[in-house]
Amino acid sequence: MTWLDALAEKSIGRELPTRATALKVLSSPDDELMDVVAAAFRVRLRYFGRRVKLNYLVNIKSGLCPEDCFYCSQRLGSAADVLKYTWLKPEEVLESAEAGVRAGAKRVCLVASGRGPNDNDITRVSAAIAAFKEQNPDVEVCACLGLLQEGQAERLRQAGTTAYNHNLNTAETNYQDICTTHSYADRASTVEKAKQAGLSPCSGLIAGMGESDEELVDVVFALRELDPDSVPVNFLIPFEGTPLAGQWGLTPQRCLRILAMVRFVCPDAEVRLAGGREIHLRSLQPLALHIVNSIFLGDYLTSEGQPGARDLEMIADAGFVVEGAQDRTLPEHRRDLVRVRRRGPGTALPANA
């Protein structure tokens, strides 16, 4: 039995690998890359079969954020040429969300720029979510609105929200190097608030911001401790006009190793291939499907993604199937918080969407 065989067996048993083993995945040679992918696939297959969950982003408030996150095109002082607009009207939110559902999305993610919502913002978003859920009771809704205040997560849940996303992004020791206007602890606290309110926690990371292997392992181990149901893995999109412009240190092979390490550490979580996959994984995107079980369909917040039709073609060509509304995403031993209650502008979707 090789070290990767042993790692896969332990991961299938939900045994946390040692830090040394996680670091070994990240530093494995190119000659072992396919073995790393194959070992991660065994874990993915055990918990999620060959299903791929489709998620769809709706950017409901874009740009002009008062926070200074160095990686973000919407940050305070950003010179990036991105769309800027205030809150979409409820009918605009519904129209965009419905386009994602028609294209096959099982989860719609409503994302707003800013430090966090005030109570009027929660009222506005809750009304849009309630209206959407009335028409699409089987579709999950994830909100991503920034730092939450007391009681706001409960109001979102009552409106029919399924999940709340707030990423840790990087290791606690590295956080001051990517943001000064809020802390790592602020982010972790918001995930806990969502969790305590009964929302499915969604929290992940951004790779490629100059972090070390040790810091990558730190943030993924912290995520394991936080125990989110879904873990988005983003790869930095180094927008011109942001402090991290020009950071192009990722390779497709590096991205696959990072995804595999996340899968080994979080074997039964929904690992989602998120922003930056097209530009960093490039032709190796289909290999990533052997590790992750979830992707975003179409565009991201302020950058274009691969056309939705190509995403669906890629999934089919790689031998995977799109997860349906009737399919349970998370394995039985995980709490499934999906509740059944009796494309943004510029997104490329299939022609029949």
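This is a predicted model: local features need pLDDT of at least 70, side-chain atom pairs count only at pLDDT 80 or more; totals for chains, interfaces and linings use all residues.
Reader: What makes you say that the charged end of R50 sits over the ring of F320?

Author: The charged end of R50 is 4.7 Å from the centre of the F320 ring. Residues are numbered from 1 along each chain as its sequence is written, and side-chain values use heavy atoms, with hydrogens and water left out.

Reader: Why is the pair of F41 and F320 called edge-to-face?

Author: Rings of Phe, Tyr and Trp (its six-membered ring) pair if their centres lie within 6.5 Å, and planes under 30 degrees apart count as stacked, over 60 as edge-to-face and the rest as tilted. The count by this rule is 2 aromatic pairs. For F41 and F320 the centres are 6.4 Å apart and the planes stand at 85°, so edge-to-face it is. This pair also ties together parts that are 279 residues apart in sequence, because F41 is in helix α3 (residues 33-48) and F320 is in the loop between α12 (308-317) and β10 (321-322). Helices (H or I, at least four residues) and strands (E, at least two) are DSSP runs, numbered from the N terminus.

Reader: And what makes Y175 and Y184 an edge-to-face pair?

Author: Their ring centres are 6.3 Å apart and their planes are at 70°, so they get that label too.

Reader: How do you know whether Y175 is buried or exposed?

Author: Buried means under 20% relative accessible area, exposed over 50%, partly exposed in between (1.4 Å probe, protein chains only). Y175 has 3% relative accessibility, so it's buried. Y184 comes out at 12%, which makes it buried as well.

Reader: What about S96, buried or exposed?

Author: At 8% relative accessibility, S96 counts as buried. You'll find S96 in helix α4 (residues 90-102).

Reader: Why is α9 said to be largely enclosed by the rest of the structure?

Author: Simply because 13 of its 14 residues are buried.

Reader: How do you know that the span of α9 is close to the one expected?

Author: The expected span of a helix is 1.5 Å times one less than its number of residues. For α9 (residues 252-265), with 14 residues, 20 Å is expected, and from first C-alpha to last the helix reaches 20 Å.

Technical notes:
A charge sits over a ring if NZ of Lys or CZ of Arg is within 6 Å of the ring centre and within 35 degrees of the ring normal.
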